[in-house]
Structure formats: structure tokens, C-alpha cells
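Please consult the structure while reading.

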Amino acid sequence: MKLVEKILEDLLKKSVEKIFPNAEVKDPVVQRTSNENFGDFQTNFAMINAKVFKKAPRVIAQDIIDNIPENEIIEKIEIAGPGFINIFIKNDFLVNYLPKLEKEEPDFSFITDKGTVVIDYSSPNIAKPMHIGHLRSTVIGDSIKRIYKYLGYDVIGDNHLGDWGTQFGKLIVAYRLWLDREHYEKDPIGEMERIYVKFEKEAEKNPELLEEARQELKKLQDGETENRKLWQEFIDLSLKEYNKIYRRMDIEFDTYYGESHYHSIMPEIVKMLLEKGIATYSEGAVVVFFDEKENLPPAIIQKKDGAFLYATSDLACIKFRRETYHPNRILYVTDERQQTHFKQVFNIARKLGWEDNYQHIWFGLMRFADGVFSTRKGNVIKLQELLDKAVEKAKAIIEEKNPELSEEEKSKIAEIIGIGAVKYADLSQNRISHIIFDWDKMLAFDGNTAPYLLYTYARIQSLKRKAKDNGYTLDNAEILINEKLERKLSLLLTQLPIIVMRAADDYKPNLIADYLFELAQTYNSFYNSLSVLKEEEKVLKSRLLLSHLAGEVLRKGLDLLGIKVVDKM
Ligand code: ARG
């Protein structure tokens, strides 16, 4: 179904075409107003195009208003201030439009750049536990993936595993010297991490170990069987652990191509860069230098000893993705510390003539309210523990709020609320800000939290159950708009698709969170000030249908954030 904003924009556009047939202007854009006195929607089209039309904005606005075609949506349209056009829409329109929200998909056919979007996210480093930075990447990347899918793009979610680097030479040496088999079998990543840290310590005293590690790495890269086997084992064991977390968090990837997948392409990249004069030799290494305007530090592409670097592997990866998927966007979700890296990589890719839409979707670091979170050795908070803690705390809250639920129900609900709260705490903030992890805030039942939204959803389901017990279903329900809050809720219910589009444009899931919070607040004031079950049948059914639709929009919106709902809590 056509978006409300599009219906209005098309009407405005027709009017503009009629009065200024050959004008070269961008199509009118309408936005929801912040104040109901200014109508439901507003456009500043007349003001921003006054120069083009060589007329006063208020005159243009009046012309546009006078030429709007016959329609069923606009109740009233007026000029305000310096030349805003304020639009009030008909209640009848909303009454007919809302029931379709459930039955028809939103029409996004006006989005012209649809195609394949590759999203590179999560991407932990093999043999190391996932840390909180990977949590943010996983949660944000997954939401962006859901958002683009909803809009009708083809999406490839790729987990770009760190499975090819100097750490493997060290790990192989450490494995042969110090592995504790029993620990390795119980907690493989824990043991790999232990021997890796030990290696670093021992190598400080005994630098020969580093030389040994280099040789083992070389053997691995040359395909020597024993080392390859060990390497594969490290990957398999790590992935097994990561997958437990992904499954628990309802995260799925389309591909798990790690850095190793691009190994064979890297020599070509170096050759191309040298041939095209983009890279040069500098003290035996192959380096790309940037000019003053580009203002980036030099990027090393190949070291003197022949080793390739992170940038090399990302360039090879771009080549592969372009040839394999012909994407129209490639998105990378990592923390802010990789900004320079991606600027260098995108810059070099463009110099190679690979004109794609690359975006580094970076986010701020995460800290705990009770101290700075740090990845320094031995001070890493493990994701598994974090999720356990969230679920445990959610469980305690449910025990208190709803003791009569069965043990099984409590556990199931706690899992959804705990995981939902962790995701929402992340997604509800502007990704650029440094987020502070505060358990109490995150699990609060009021305020902009997952429990508040889930509780609102559950409340709606409970209302529907009660109505059904009293013999009322949604059959033949019609929406009646008489009260202010009924109107406010109705209008808000039409907004999800446009909000999702904005969230996609800016790669900001928090816009969806803000909207859902506003919707939940509006629904709760509707529910608290207007009765439902005590009303006569027509009103009862209308409010029941509005409640039901609010629940459906909440569910859909939460799904775009990767959060599941519960029917009771
Ligand atoms: N493995 C890297 C890390 O943990 C993130 C990889 C991001 N993706 C990429 N194509 N470089 O920091």
C-alpha cells in the first residue's frame, strides 16, 4: 500500500507540475509536524524553491494549494508563517487506511536504487572471545540488515572473520608448547586465549619465539598440511562457540567468508596498485601515500618480508564482493577506531576505479557505569556472561512482578526480555555516542527500554484475551475516531514505513526505537484514559482494533531491531 507521505507528495507534485510545467526542482517532501496546530504533515517546498520560481514563498504556496487535484485524503490545507504548507488529513481516510496496514505490504516501489547491499558485521577474531565491540557490531549490523530487507533490498550479511593473521603463527607455536588438553576440550576459546597471552609474555623474555611463530605462519600460508589442520581446528572450535551466541541472539549470516578467503587475491591487488602507480616501494615495503588534501596516513599494502596487511585483505575483499554480487552498497559495521583504516581502503578502491557506495558505519565504544570497559589482557567481559547476567536479572524482575507464571514461562520470558534489553540498550542510542551500560536503566519497566515496549505489547495481548473471553473479536470491527487520543494513535500507526526509510538512509536503528517509544507512550495514554471493555460494542471493537494494530506495529518494529515479543510478562 502507498505510504501516506507518498500520497500527499504525489498530490503536491501534480499541482507543482501544473503551475510550473518545466521547472527543474526536486519533488516536494512532506514531514510529520511536531505540533498538531500546524496540521498533521507539512512541507517547506515553497520556501526552498522561491528562487527557482522567482516568486514570494507564500504566493507559490497559495498557487500550489489552489491546484491540488481532487482527493480523499486532505481535510484542510493552509499556509503558515513564511510559506509552510500545513496539511490536515481526513479522519475517514485514516479509518479506511488503517485496517490495510495488516493486510498489505508497504509500497516501496519509488525507491530506485534497490539492489544488493553487502553488510559486513560482527566479524570476531578467531581464537579470541567476542568482546563488547563485537556485540555492538553484531546487534547494529543485524538490525541494518533487517531494515534493508524490509525495504526490499537484497541483503548479504557477511561475517568477516579475523581468521588470517600473525596470531596464528603464535598460536601454533603456543599450542605445541603449552596446550592444556583438558581445558581446551572444556573451554576451547578460553584455552586458546590463555596460551596466546602466555606466548606474548614468554616472547618478551625469549624473542626467538617470535621468529618461530613467523616460520609457522609462513608454513600455514604456504599450505603446509599440519599447520592448515591446526588452523582449521581453531576456526571450527571458535565458530562453534560464536554460533551458540548467535543462535541465542537470533542472528543469522549468509556467509562466513573470513579474511583467509581473500588470501589468493592479495598478490593481484599489490600488482594492480603498483602498475597503476597508486602504490610505490618505500624502504622495501609497498605503500600507498595520500596527498595533503586527502589527509590520511600512508597505508602499507605489503611488508618488506612479503606479508600482506589488513588493508590489502580488505581491498581483495572488495574486489571479490564486486565481482560476486555487483552490490550497490557495501556497509562495514565496526567501532570508531577503524575509521582511518576504512577511509584509506575506500580511497584506494576509488583510485582503482571501483566506484561503489562504501559506508563505514562506525559506533562509539561501550562502557560500564561502574568503570571503563577495557580490552586489555584479562579484563575482557565475555559476551556469554553478559547475556547470562541480563537474563538472570530479567528473571528476578519477572519473579517479582508475575509470580503466578509457571517456571517454564518465566524462563522463556526472561530470555526474551534479557536479550531484548541488551539489544535495545544498544540500538536505542545514536550509534555514534559512547554507550554506558547500566543494568538498572536497561531493565527498567518505564522509560525508553525494551521491557517497557515489551510490556506494552503484552498488555495489548492481554486486553485481546479478555475481550475474547467476553465474546468480542476483531471480526467486523471498524475504526471510529472521536477522541483526540484515538486520532493521535491512528496517525502514528501509519508512520512505521517512513521511519524505517529514514533509519536506512542514515544507518540509524535508533530512529525506529524512538518511534516505537513514542508509539508505546501514546498507546499507554490512550489505554489509561479511554476505557475499552466497558464501552458499547462499536466503540469497544474500534478501540480493540486500534489496540491490536498498535501491537502489530510494535511487533514489526521490534523485529526490525531483532527483538522478539512476549504475550505475557
Ligand atoms: N575482525 C575485525 C575486528 O575484530 C573487524 C573486521 C571488520 N570488517 C572488515 N572488512 N575489515 O576488529
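A residue counts as buried if 20 or more other C-beta atoms lie within 10 Å of its own. In this predicted model, 37% of the 569 residues of the chain are buried by that criterion.

**The chain as a whole**
- The chain contains 23 helices and 13 strands.
- Its C-alpha trace spans about 85 × 70 × 35 Å along the principal axes.
- Of the contacts between residues at least 6 apart in sequence, 73% join residues at least 24 apart.

**Helix α7 and the annotated motif**
- Helix α7 covers residues 132–150, and its 19 residues reach 27 Å from the first C-alpha to the last. This span is close to the 27 Å expected at 1.5 Å a residue.
- Most of α7 is covered, with 17 of its 19 residues buried.
- Just after α7, Gly 152 adopts a positive phi of about 100°.
- An unreviewed UniProt entry lists residues 124–134 as a short sequence motif, the 'HIGH' region. Those residues are 27% helix and 0% strand, and their end C-alpha atoms lie 6 Å apart.

**The pair α21 and α22**
- The axes of helix α21 (residues 496–506) and helix α22 (residues 510–529) come within 8 Å and cross at roughly 155°.
- Angles over 145 degrees count as roughly antiparallel, and α21 and α22 are therefore roughly antiparallel to each other.
- Ile 499, Val 500, Arg 502 and Ala 503 of α21 meet Leu 511, Ile 512 and Tyr 515 of α22. By class, this contact has 6 nonpolar, no polar and 1 charged residues.

Key
Residues numbered from 1 in each chain as written. Predicted model: local features only at pLDDT ≥ 70, side-chain atom pairs only at ≥ 80, totals over all residues. Helix = DSSP H or I, 4+ residues; strand = E, 2+ residues; numbered from the N terminus. Expected span 1.5 Å × (residues − 1). Buried ≥ 20, exposed ≤ 12 C-beta atoms within 10 Å, placed from the backbone. Axes fitted to C-alpha atoms, helices over the stretch in contact; angles between N-to-C directions. Parallel < 35°, antiparallel > 145°, perpendicular 65-115°, else oblique. Contact = placed C-beta atoms within 7 Å. Nonpolar A, V, L, I, M, F, W, Y, C, P; charged D, E, K, R; others polar. UniProt positions renumbered as here; feature names shortened; annotations may be inferred.
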